[in-house]
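Okay, thanks for coming, everyone. I've got one chain for you today, so let me put it up and we'll walk through it.

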Amino acid sequence: MAPLSGGGPRTPAVVVAPVDLAARVDEALAVQALAFGLTDEEIGVRRHIVLRHLLSPGARALGATTPDGRLVGFVYGMPNDRTHWWSTVVEPYLRRTGNDDWLDDSFVITELHVAPTHQARGIGRELITTITDAAAQPRSILSAIDIESPARGLYRALGYVDLARQVHFPSAPRPYAVMGAPLPLRRHGQ
């Protein structure tokens, strides 16, 4: 992969490439904690979830690393399975909007996070397009907090549309939107 701009002369470039996320789960969760505002308790719970997800058939992960090997972003996902917890939660919302067929033959983006110091530099875009370009499925789905945010703006620019809004996950303080896009994802100028 080509290095992405680090944003200035004092900020090193990053490289997006496959990563052994199980071996680097604590680094990844530190990035997620900064990007998403997680407590230590939430990090502990998510650690077990990430490790369990990585055992799913077809699960893949990419990392964005600096030249000195520091992880500053990551994405992971897998072919969607209606029996997974996430699918069972979002399915009724998608059924109400007539979009529950998106749960079949889709690659789900499970997590995508970039450290705040490295956001708005194309890293998130490179992570998600690279992982979905390798997907065998014809479309991708994900969930994002249901507010106007840079993340939602990125997803829309890539071709994701809202499939269901105001989706409530147990213990999540804010509602989410489920979004879907045909693959390959849209590139700049398309």
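Quick ground rule before the fold: helices here are DSSP runs of H or I with at least four residues, strands are runs of E with at least two, and both are numbered from the N terminus. Also, this is a predicted model, where local features need pLDDT of at least 70, side-chain atom pairs count only at pLDDT 80 or more, and totals for chains, interfaces and linings use all residues. Residues are numbered from 1 along each chain as its sequence is written, and side-chain values use heavy atoms, with hydrogens and water left out.

So, what does UniProt list for residues 14-184? An unreviewed entry has "domain: N-acetyltransferase" there, though annotations like that may be inferred rather than shown by experiment. That stretch is 33% helix and 29% strand, with its end C-alpha atoms 23 Å apart.

For the whole chain, we've got five helices and seven strands, and the order from the N terminus is β-α-α-β-β-α-β-α-β-α-β-β.

On to overall shape. The radius of gyration, taken over C-alpha atoms, is 16 Å, which agrees with the value near 16 Å for a compact globule of 190 residues; that rule is 2.2 Å times the number of residues to the power 0.38. The C-alpha trace spans about 50 × 40 × 30 Å along its principal axes.

And inside? Buried residues, meaning under 20% relative accessible area with a 1.4 Å probe and protein chains only, are 46% of the 190. Taking contacts as heavy atoms within 4.5 Å, 65% of those with a separation of 6 or more join residues 24 or more positions apart.

Terms used: Buried < 20%, exposed > 50% of the residue type's maximum accessible area, 1.4 Å probe, protein only.
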